Amino acid sequence: MSMVAQRVTQRTLNARVERNLQRNVTHLSKLQEQLSSGRLISRPSDSPTGTVSAMRLRSEIRRSEQHHRNADDGIGWLGTADSALTGALDAVRRVRELALRGANASASAPDRAALAAEAGQLREHLLSLANTTYLNQPIFAGTANVNQAFAADGTYQGNAGAIGRTVGPGVTVQVNVTGADAFGSLFTVLANIENHFSVNTTALNTTDLTQLDQAFLAIQDSLAVVGARYHQVEAMADRSEVTRLDASNRLAEVESIDLPKTIMDLQLQEVAYQAALGASARVLQPSLLDFLK
Amino acid sequence: MSFDGLRIALSSLQAQRRALEVTGQNVANAATEGYSRQRVGMAANAGTVMAAIHARPTGVGQGVTSTTIQRSRDQFLELRANQEHAAIASLAQLDGTLGRIELAFGEPGDEGLGAQLADFNAGWDDVGNRPTDTAARRQLVERAQTLVDGIRQIDTTLSSIRANGIEELQALVVDVNATAVRVAELNQQIKVAITSGLSPNDLLDQRDLAAASLATAVGGAVRPDGNGMLDVFLGGTALVRGSTADTLEVVEGPPPANVLSLVWAKDDQPAGVTGRAGALLTTANDIVPRYRAELASVATRVHDDVNAGHVAGFALDGTTGRDFFVWDTSGYLALNPAVAGNANLIGASSTATDTRDGSVARGIAALTGAESTYREVVVRLGVETQTAARRVEIQDAITSEVDNARDSSSGVDIDEEMTDLLLYQHAYDAAARMLTAVDESLDVLINRTGVVGR
């Protein structure tokens with residue numbers, strides 16, 4: 001008996017069939033795992049580059065969410081400052097009217113007393129506006145460890161510290177204006193005006209008025225700064241939301257299965273498996289024994 | 001007319017019967033692992049060629065003898081198969097280990113260390129936004145604790161993968177030592193059988209199977225010594241030489257490296273093993289320590305980056321210069337116990353007095369070094385595991401080719417055996433007919449000749 005070609009024995013056939021079926025089943029189980037988990041990548045070796053993209057995108061999503069939270073907080077600060085400063089402008093405007101009426105020679109003493117009383121109330125109102133808090137933090141006190149930005153007598157207790165919010169990668173926006181910048185010597189001017197109603201009416205429409213106008217401008221400037229920052233932070237919040245959505249979409253692309261494609265693949269694989277089973281059954285069955293009598 | 005015909009027929013009957021028996025043995029062992037098909041070697045007996053005074057040779061032979069029963073086995077393919085099986089055993093073991101390490105890291109996902117690092121960073125931002133808010137500070141401490149625990153958990157899993165590998169290796173070595181002794185014993189029996197002129201085919205099969213399992217377990221080269229015995233060498237030193245076997249031992253080196261090695265019991269010299277044992281050694285000495293070091297580098301990065309920012313920060317009580325992370329007694333990353341106990345000691349502010357300043361905390365939140373270091377580790381793990389899996393696939397194909405080739409030379413084919421069965425049976429029938437023919441001829445000669453006119 002000479003051996004020209006490779007002998008193929010039943011064992012060889014068996015081993016080959018077993019191996020092929022095993023490979024088929026492995027593919028099937030991989031596809032089923034993908035379908036049931038909905039994920040294309042369930043371990044780094046499924047796709048090392050896909051894994052690093054997925055991790056980077058997850059981190060980006062988390063970071064964008066945090067930037068959005070930071071921006072929301074900043075919007076809270078700036079919004080509170082905006083309404084406080086707008087209220088302050090109205091109050092200062094009213095004080096200006098009172099001062100002008102007080103300076104009018106025709107005003108009687110009781111009138112002046114009433115004007116002085118109203119000016120005093122407006123001063124209190126302005127003081128409370130300057131002591132506005134956001135989440136228990138006085139927004140005009142800088143970074144100082146105080147509960148009120150201004151003392152009852154109108155002295156500034158805060159500092160010039162800036163409070164920033166990280167609203168984007170490497171983007172920090174200052175979300176406070178300090179009391180010194182916004183209100184400056186407003187409370188001294190107000191105290192003067194209150195006094196001058198009874199003693200020095202000429203000062204009311206000269207030096208006091210000038211100083212009051214300066215204070216008004218300072219508040220207006222601060223309001224403009226707050227408004228500009230508000231828009232910036234709002235824009236950054238929108239942008240981080242867009243970044244988050246974009247990263248989420250890309251993560252889905254990298255990590256999630258294409259459902260129709262995976263279902264098709266699974267069906268193809270099932271057909272292939274059945275074909276392999278059928279072929280195996282035919283190949284393994286016959287032997288010479290079936291034909292010997 | 002001589003009686004030669006009877007003797008020829010008899011020799012044929014005997015030879016065919018023996019061949020039938022061997023065919024039966026082949027069929028019986030068609031599914032036996034390690035069995036090599038056997039063939040009866042038959043040789044025609046030559047007739048006498050020397051002329052004698054009163055006799056001249058007829059030139060007809062003297063029947064058939066069944067000389068030997070041969071194993072059909074290709075020694076070269078056996079060696080090759082041993083090598084390939086050692087390689088697949090090693091690669092599959094490594095692939096399994098790396099797969100378990102991947103599971104330990106649990107990436108990519110929302111529960112892995114990557115997510116914990118991101119949460120930890122976000123916690124710093126929250127403290128930066130509300131430096132005086134104790135809740136934000138407590139939350140940061142909790143997240144830091146989760147991160148520290150996450151690192152420790154992965155490291156513990158890695159250590160247990162190594163410990164399991166060592167246990168597996170110890171069990172394997174016990175098995176190898178027993179198998180080596182068995183090979184040596186079989187060698188001895190084979191030598192005795194061959195000296196007595198027998199064909200110890202089934203002993204040879206058993207011995208070769210045992211040697212093959214040695215090759216899978218520890219690698220090694222198999223060399224026939226010419227007397228039917230087989231020597232097994234590990235890197236130049238004999239594990240089995242003739243009828244003697246040596247013993248292997250697992251030895252763990254001193255800390256901190258705890259290098260694991262497989263040594264000869266006789267002289268404590270390291271043995272050159274491959275196969276599954278080689279892969280287990282690689283697991284214990286290279287793969288696991290390497291990924292533990294990678295993980296430690298991530299921990300170091302977290303420790304260094306956060307501390308560098310944190311020492312400059314001022315706590316709510318105005319104190320500064322404090323570390324956020326420390327190394328605990330077993331070398332793991334841990335929270336500074338003072339900070340863990342009192343979250344107000346987190347240094348978020350850049351000055352001693354301005355407690356509402358959170359710029360230091362926000363600065364720490366912006367650090368991304370540890371996350372990218374960690375991503376690199378995961379990518380390296382992914383690539384290494386993927387490569388290992390591919391090598392297993394390739395080696396699997398090679399191994400099955402070699403197995404097929406080996407089977408092609410030594411495997412039992414039922415169709416072939418059936419054909420042989422037909423051949424031997426017909427030959428037997430024919431020899432019987434021959435016997436009858438000679439018998440009838442002699443009957444004619446003895447009983448019916450010379451009876452004319454009786």
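This is a predicted model: local features need pLDDT of at least 70, side-chain atom pairs count only at pLDDT 80 or more; totals for chains, interfaces and linings use all residues.

Me: Is Gln188(B) buried, partly exposed or exposed?
Reply: Buried means under 20% relative accessible area, and exposed means over 50%. Gln188(B) has 34% relative accessibility, so Gln188(B) counts as partly exposed.

Me: Which residues does Gln188(B) touch, not counting those up to four places away in sequence?
Reply: Contact means heavy atoms within 4.5 Å. With residues up to four places away left out, Gln188(B) touches Met229(B) and Ser243(B).

Me: What separates the C-alpha atoms of Gln188(B) and Glu393(B)?
Reply: Along the chain, these two residues are 205 residues apart.

Me: What is the strand order in the open sheet of 4 strands in chain B?
Reply: The pairing in this sheet is antiparallel. Its edge strands are β3 (221-224) and β6 (244-245) of chain B, as each pairs on one side only. The order is β3-β4-β5-β6.

Me: Why is strand β8 of chain B called largely enclosed by the rest of the structure?
Reply: Strand β8 covers residues 260-264. Strand β7 (residues 248-252) of chain B pairs with β8(B) in the antiparallel sense, over 5 bridges. Val250(B) stands opposite Leu262(B) in β8(B). Strand β8 is largely enclosed because its buried residues number 4 of the 5.

Me: What radius of gyration does chain B have?
Reply: A compact globule of 454 residues would come near 22 Å. The C-alpha trace of chain B spans about 155 × 45 × 25 Å along its principal axes. For chain B the radius of gyration is 39 Å.

Me: What share of the residues of chain B count as buried?
Reply: The cut-off for buried is under 20% relative accessible area. Chain B has 454 residues. The share that count as buried is 46%.

Me: What area do chain B and chain A bury between them?
Reply: The size of an interface is often given as the accessible area lost when the parts come together. Here the contact takes 58 residues from chain B and 54 residues from chain A. Carbon and sulfur atoms hold 46% of the buried area. The area itself is about 4600 Å².

Me: Which three residues supply more than any other three of the area that chain B buries against chain A?
Reply: Together they supply 18% of that area. They are Pro108(B), Arg356(B) and Arg375(B).

Me: Is Thr166(A) buried or exposed?
Reply: Thr166(A) lies in strand β3 (residues 164-168) of chain A. Its contacts beyond four places in sequence include Asp125(B) and Arg362(B). At 10% relative accessibility, Thr166(A) counts as buried.

Notes:
Residues are numbered from 1 along each chain as its sequence is written. Chains are lettered from A and ligands numbered from 1 in the order in which they are written. Side-chain values use heavy atoms; hydrogens and water are left out. Two strands pair if DSSP finds at least two bridges between them. Helices (H or I, at least four residues) and strands (E, at least two) are DSSP runs, numbered from the N terminus. The radius of gyration is taken over C-alpha atoms; the globule rule is 2.2 Å times the number of residues to the power 0.38. Buried means under 20% relative accessible area, exposed over 50%, partly exposed in between (1.4 Å probe, protein chains only). Buried area is the accessible area (1.4 Å probe) that two parts lose on being put together, summed over both.
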